[in-house]
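The entries follow the order in which I looked things up.

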Amino acid sequence: CGGIEQTIDDISQGLLLDTLVSCDINSDCELASQEIHVSLLSVLSFDVRANNVAVTDNTVLNLASRPNTITLDVTANFSNDSSENITDDSDLDYFIIPTAVPEVIEETVSTEVFTVLNTGTAKIRLEYRGETFIVVIDIP
């Protein structure tokens with residue numbers, strides 16, 4: 001649109017502008033009502049730690065001793081080479097995948113903390129921006 005005269009900081013999806021963005025004279029500009037879509041950065045991978053131990057996607061982590069809880073720490077690696085800790089991000093969903101009866105783990109008040117109930121294999125699926133990571137932990 002030629003040269004945009006205004007600068008917009010902190011632009012994000014769903015942002016409504018309270019003033020029009022104007023262009024230099026004699027520029028072919030979009031209509032004033034044209035929607036501007038901001039794409040979220042693509043997630044390339046996750047770095048996940050369970051009780052401070054690195055976890056590989058869908059690979060069993062064998063614990064030497066039984067903890068009372070499992071605490072996950074999740075970092076997303078984005079398409080612009082940046083990384084961000086998303087452990088508490090409201091867009092990150094944690095799902096326990098049932099593996100045995102009785103259950104091996106259960107959710108707590110904190111979404112990233114799970115109480116260990118029994119011996120066995122615990123599986124937790126993480127979903128964020130369409131990407132998935134499976135945490136698998138063998139609890140003695």
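Entry 1, the elements. I take helices (H or I, at least four residues) and strands (E, at least two) as DSSP runs, numbered from the N terminus. With that rule I find zero helices and 10 strands in the protein chain. Read from the N terminus on, the elements run β-β-β-β-β-β-β-β-β-β.

I am working with a predicted model, in which local features need pLDDT of at least 70 and side-chain atom pairs count only at pLDDT 80 or more, while totals for chains, interfaces and linings use all residues. Residues are numbered from 1 along each chain as its sequence is written, and side-chain values use heavy atoms, with hydrogens and water left out.

I looked up burial, where buried means under 20% relative accessible area, exposed over 50%, and partly exposed in between (1.4 Å probe, protein chains only). Of the 140 residues in the protein chain, 26% are buried. The chain exposes about 9,300 Å², and 47% of that area comes from carbon and sulfur atoms. These accessible areas come from the Shrake-Rupley method with a 1.4 Å probe; for residues, only the protein chains shown count as cover. I then looked up contacts, meaning heavy atoms within 4.5 Å. Among contacts with a separation of 6 or more, 54% are between residues 24 or more positions apart.

Entry 4, the sheet. Which strands make up the open sheet, and in what order? I count two strands as paired if DSSP finds at least two bridges between them. The open sheet has four strands in the order β3-β10-β9-β6, with mixed pairing. Its edge strands are β3 (60-62) and β6, each of which pairs on one side only. From one strand to the next the twist averages 25°. For such angles, axes are lines fitted to C-alpha atoms (for helices over the stretch in contact), and angles run from 0 to 180 degrees between N-to-C directions. As background, strands of a sheet pair through backbone hydrogen bonds, either parallel or antiparallel.

I traced strand β9 (residues 120-128) to β6 and found antiparallel pairing over five bridges. In this pairing I noted Asp-93 opposite Glu-127 in β9. Strand β10 (residues 131-139) also runs antiparallel to β9, joined to it by nine bridges. Here the bridge partner of Glu-127 is Thr-132, and Arg-125 stands opposite Ile-134.

Arg-129 is a residue other than glycine. Its relative accessible area is 33%, so I log Arg-129 as partly exposed.

Asn-58, which is not a glycine, has a positive phi of about 55°. I place Asn-58 in the loop between β2 (53-55) and β3. Is Asn-58 buried or exposed? At 52% relative accessibility, Asn-58 counts as exposed.

Thr-87 has a relative accessible area of 5%, so I log it as buried. Leaving aside neighbours within four places in sequence, I find Thr-87 in contact with Leu-72, Asp-73, Val-74, Leu-92, Tyr-94 and Glu-112. I also checked polar contacts (a pair of N or O atoms within 3.5 Å; within protein, one must be able to donate a hydrogen and the other to accept it, and residues adjacent in sequence count only if both atoms are side-chain atoms). The Thr-87 side chain makes one with the side chain of Asp-73, at 3.3 Å. The Thr-87 side chain also reaches the backbone nitrogen of Val-74, at 2.7 Å. Ser-90 is found in the loop between β5 and β6 too. Ser-90 counts as exposed, at 68% relative accessibility.

Rings of Phe, Tyr and Trp (its six-membered ring) pair if their centres lie within 6.5 Å; planes under 30 degrees apart count as stacked, over 60 as edge-to-face and the rest as tilted. The structure holds two aromatic pairs. One of them is Phe-46 with Phe-133, edge-to-face, at 6.3 Å centre to centre and 85° between the planes. This pair links distant parts of the chain, with Phe-46 in strand β1 (residues 43-50) and Phe-133 in strand β10, 87 residues apart. Both Phe-46 and Phe-133 are buried.
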